[in-house]
Amino acid sequence: MTDAAAVADRNPLLAEWTAPFGLPPFGEIEPWHYEAAFGAALKLARQSIDGIAADPQAPTFANTIEAMELSGRELTRVASVFFNLAGSHTSEELQRIERDIAPKLARHSSETLLNQALYARVAALWEKRDSLALNEEQARVLERYHRMFTRAGAALDEAGRQRMAEISQRLAVLGTRFSQNVLADEAGYHLLLESEEDLAGLPGFLRQAAAEAASERGHPGKHVITLSRSLIEPFLQFSTRRDLRETAFKAWISRGETGGDTDNRAVIAEILRLRDERARLLGFDSFAAYKLDDTMAGTPDAVRDLLETVWSPAVAQARKEAEALQRLAAETGDNIAIAPWDWRFYAEKLRLRDHALDEAELKPYFQLEKMIEAAFHTAGRLFGLTFREVDGLKLYHPDVRAFEVLDADGGHVGLFLGDYFNRSTKRSGAWMSAYRRQEKLAADIRPIIVNVMNFAKAPKGQPTLLTFDDARTLFHEFGHALHGLLSDVTYPVISGTSVARDFVELPSQLYEHWLSQPEVLSRFAVHVETGEAMPADLMERVLAARNFNQGFATVEYLSSALFDLDVHTRQADGEADIEALEHETLSRIGMPAEITMRHRPTHFAHVFSGDGYSAGYYSYMWSEVMDADAFTAFEETGDIFNADLARRLREAIYSAGGRQDPKDAYVAFRGALPDAGPLLKKRGFA
């Protein structure tokens, strides 16, 4: 028995997975298994890659590109389990392993993408691509591989390649440190509410959620506000204790800059310096220019044009909203100047006054269970899918649920996992990920997709209630899930959500639109106690108020996106002062004093936990230009579930993965590319 075989025989991560649906053997995995599994899998992957590079046969698509697509399967499998759990159910031991493995994985990637013999094979195929008789998907896969190698630095001289490898490994270390620092600050903070005075203004649903959070954190019989959005945002909406609102808000926006071991300011400065160096090694003027070269937007100027086009009407609207809140505070006898920790409180009062909408009245109509049903129902109407809950599976946490996804003919599409509740072992936010991606190269492999949320869990035996924004988040992430579940391609490199960053948000943001439709709300927004549908007048008020506070929401987002663009277009020479850079952006754009960035730099995980959304946080708005136009297409037919449009949407967007250029994919669905007009109208700015 070889060393690798012996490890596999003892290690559930490397042994054959026999659980239903090909699930990982969650119940058998111990933390120590990861280190051994990563070691063995990295060795196997390196042997495979070196073998492809040393192949004496002339390069072909099969012996080079397809061979690379088939290599490293064990490593992909181990990494998918580990990094999913590192985000959703971590521990000190997993965090230690994460810190150790991140640079090793970066080194493996560099050794692959900077391998000169391997690059020569890819480059030779690229040079004669027109004579290879490739189909559309194969041509796209070859293009992606050639671009991956050149963007990694394979065409540089030896000194440049060595420096690129060093930078990649160091960035992997820094990204891991950043995310773990934020998680530590989030997990380590809670606001303990001990008296009735501390609870002043809090509605029943929030008191229940805070009691559940307190119980989980060792304070039974008391109430706790954590830094999870599903707890802190309603606390800021309802608490009449301005001092406690200020305390909680400052803790929320100060994650990652509290000093000590979890402070991220020096981490960000080094990340910016190394990203800039990497871009310049590759001949780009800035990291943003490098990053955007492989997107729909293409250039930093194109991104800035969009963001600043929306900024002007958004900030004008936000200033009007601030004036209205200030007047309301004065009318109620509060002699204060509206501060960031006051905005949500007075906005909630204003919404009640102007739209007769009270979150406490609205929330009983948004049960988590019913919103899951609504998301599934919408997928059924659009794409013919059904979802069958599967009990008895061994999953990674008792709260996680599993659903088999079936197509219209009853065929197996994939497995969907829903992990909905906040816990201290989970990073904040909401996301979609995959334990297994769809492909057809090795076999007809069906996906295992997970949605991870951070909703406040109701006390045992009671239904969990969501805000309308929570429900929208659920639909958003389920749109991503469908993008992974409906993928129908041959090659892993273009499967599912493997598309341009400013295109990947289109399927998710478009899906949000169906939640706001009366046809969906009237069926699933039913009262938690009576089971009665939301009254027509309440629904009308909800829909009429969709753009309420939109200036605030847009300014919150755009300020973060503009900061991201600014810091990644500047030359990062010397030690960056992160607070000064933040102030520079906010001063330049005229940020209202009453609003803070949605993500301040030191907890801006989208941008600094890895390269994912770095110089790319604008992507949500870029995709929103398309999603507003795309849903208009359904509205124009008079049928939000129009079968012909839904078929085109599935074929061109949800199932196509990265099979074609995203602009071509959108045109295949809609017939033309959109402009910003529908977006401005959707947000109430036009």
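The model is a predicted one.

Five strands make up an open sheet with mixed pairing, and their order is β3-β4-β5-β7-β6. At the edges stand β3 (386–389) and β6 (431–436), each of which pairs on one side only. On average, and with direction ignored, neighbouring strands of this sheet are turned by 30° against each other. Strands of a sheet pair through backbone hydrogen bonds, in either the parallel or the antiparallel sense. Within this sheet, strand β5 (residues 412–421) pairs with strand β7 (residues 448–455) in the parallel sense, over 6 bridges. Leu-417 stands opposite Val-450 in β7.

Two helices may be considered together with these strands. Helix α17 lies across β3, β4 (401–406), β5 and β7, and runs at about 155° to β5. Helix α18 (residues 468–485) also packs on the sheet, where it touches β3, β4, β5, β6 and β7. The direction of α18 makes about 165° with that of β7.

Helix α17 has a further partner in a helix. Two packed helices are described by the angle between their axes and the distance between the axes. For helix α17 (residues 368–383) and helix α20 (residues 506–515), the angle is about 105° and the axes are 10 Å apart. The two helices α17 and α20 are therefore roughly perpendicular to each other. On the α17 side, the contact is made by Met-371, Ala-375, Thr-378, Ala-379 and Leu-382; on the α20 side, Tyr-511, Trp-514 and Leu-515 take part. By class, the residues of this contact of α17 with α20 are 7 nonpolar and 1 polar, with no charged residue.

Attention now turns to open space. The second largest pocket has a volume of about 340 Å³. Its lining comprises 23 residues, and those nearest the centre of the pocket are Phe-205, Gln-208, Gln-462, Pro-463 and Leu-465. Helix α9 (residues 204–216) gives the most to the lining of this second largest pocket, contributing 5 residues. The lining of the second largest pocket divides into 13 nonpolar, 6 polar and 4 charged residues.

The structure holds 5 cavities of 30 Å³ or more. The largest cavity contains about 130 Å³ of space. It is lined by 15 residues, of which Glu-186, Ala-187, Arg-217, Ser-228 and Asn-422 are the closest to the centre of the largest cavity. Helix α8 (residues 158–187) supplies the largest share of the lining of the largest cavity, namely 3 residues. By class, the lining of the largest cavity has 4 nonpolar, 6 polar and 5 charged residues.

The second largest cavity contains about 70 Å³ of space. Its lining consists of Arg-229, Phe-249, Trp-252, Ile-253, Arg-255, Arg-344, Glu-556, Thr-596, Met-597, Arg-598, Arg-600 and His-603. The largest share of the lining of the second largest cavity, 3 residues, comes from helix α11 (residues 242–253). By class, the lining of the second largest cavity has 6 charged, 4 nonpolar and 2 polar residues.

Methods. Residues are numbered from 1 along each chain as its sequence is written. This is a predicted model: local features need pLDDT of at least 70, side-chain atom pairs count only at pLDDT 80 or more; totals for chains, interfaces and linings use all residues. Side-chain values use heavy atoms; hydrogens and water are left out. Axes are lines fitted to C-alpha atoms, for helices over the stretch in contact, and angles run from 0 to 180 degrees between N-to-C directions. Helices (H or I, at least four residues) and strands (E, at least two) are DSSP runs, numbered from the N terminus. Angles under 35 degrees count as roughly parallel, over 145 as roughly antiparallel, 65 to 115 as roughly perpendicular and the rest as oblique. Contact means heavy atoms within 4.5 Å. Ala, Val, Leu, Ile, Met, Phe, Trp, Tyr, Cys and Pro count as nonpolar, Asp, Glu, Lys and Arg as charged, and the others, Gly among them, as polar. On a 1 Å grid over the protein atoms alone, a cavity is a set of points where a 1.4 Å probe fits but cannot get out, and a pocket is an open set with protein on both sides within 12 Å along at least five of seven lines; lining residues have an atom within 4 Å of a point. Grid points are joined across faces, edges and corners, and a volume is the space filled by probe spheres set on the points. Two strands pair if DSSP finds at least two bridges between them.
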